[in-house]
Amino acid sequence: MSGYRIEATWTPRREAPETLAARVEGLLAVLGALHPSLAGWHAVGPEPARPSHLTDRASVWSALDASTRRWYSGGRARTVKLPRFTAGAREPAVVELDAVFDLALPEGLAVYAPERVTLTLGPRANPALSTRAVLEGALVAMVQSFEPDAAYAGTRGFPCAPAPIESSGTPPVGWITWLGARYPRPPYALPPPAETFGWGGGTLIVATSEVFKDGHPAHLAAVEAARAALVAHGTLPRET
């Protein structure tokens, strides 16, 4: 397979350490229940503060704490957590979860700079992961664990995620897309073969029931038709 990417994004928020650790622990547990190739998570880093195997909430928090990076803006030191986890004993390029948490932005800075969590399945990942059940299940798990603004599932090359700072942050429409209450409710019916489902306080949109393939003309057309309908309805803004 060419590889898949599932990503959820939300406006930066400050949370208690135990809350963030519980969110990550819960996501990893659900992913492991979806498929054995999404279990046995380890922290990835040049200098792990503790043994990197993530076995409980304490080890998850230790890995999150070790991922803290400091940066400076407006004469103040600020922090962000940039954890990377890999499933099983294989290298991160196969199955990797990375994230941006606890992003402390300067006050009044009006730019697109979200927090996020991203699951990447490389081309050498278990082919059994490239099913709608697993990929949609991973997206649903992210929404349940992190209560984001939006989420999508696609391939590693499509759709392109909006670039922080440089874009408006309009959510990309992928093979599977979830839009939360921050966005106007999508139309009940989208152009076939797309389906919509009310779920999780938002709307789940599946552009095609077939497993999305890079470069497949019908799959690309289905995603574009769904995106255009969402823009025409006012759910997503028209890019200028």
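The legends below describe close-up views of a predicted model.

View 1. When residues up to four places away in sequence are not counted, alanine 161 touches Arg5, Glu7, Tyr152 and Pro172. Leucine 121 is 40 residues from alanine 161 along the chain, and the C-alpha atoms of these two residues are separated by 16 Å.

**View 2. The aromatic pair of tyrosine 4 and tryptophan 175.** The structure holds six aromatic pairs, and one of them is tilted because the ring centres of tyrosine 4 and tryptophan 175 are 6.5 Å apart while their planes stand at 50°. This pair links distant parts of the chain, since tyrosine 4 belongs to strand S1 (residues 4-10) and tryptophan 175 to the loop between S8 and S9, 171 residues apart. Tyrosine 4 and tryptophan 175 are both buried.

**View 3. The aromatic pair of tryptophan 10 and phenylalanine 146.** With ring centres 5.2 Å apart and planes at 15°, which is under the 30 degrees cut-off, tryptophan 10 and phenylalanine 146 form a stacked pair. Tryptophan 10 lies in strand S1 and phenylalanine 146 in helix H3 (residues 132-146), so the pair ties together parts that are 136 residues apart in sequence. Tryptophan 10 and phenylalanine 146 are buried.

**View 4. The aromatic cluster that includes Phe101.**

Terms used: Residues numbered from 1 in each chain as written. Predicted model: local features only at pLDDT ≥ 70, side-chain atom pairs only at ≥ 80, totals over all residues. Heavy atoms only, no water. Contact = heavy atoms within 4.5 Å. Phe/Tyr/Trp six-rings, centres within 6.5 Å; stacked < 30°, edge-to-face > 60°. Helix = DSSP H or I, 4+ residues; strand = E, 2+ residues; numbered from the N terminus. Buried < 20%, exposed > 50% of the residue type's maximum accessible area, 1.4 Å probe, protein only.
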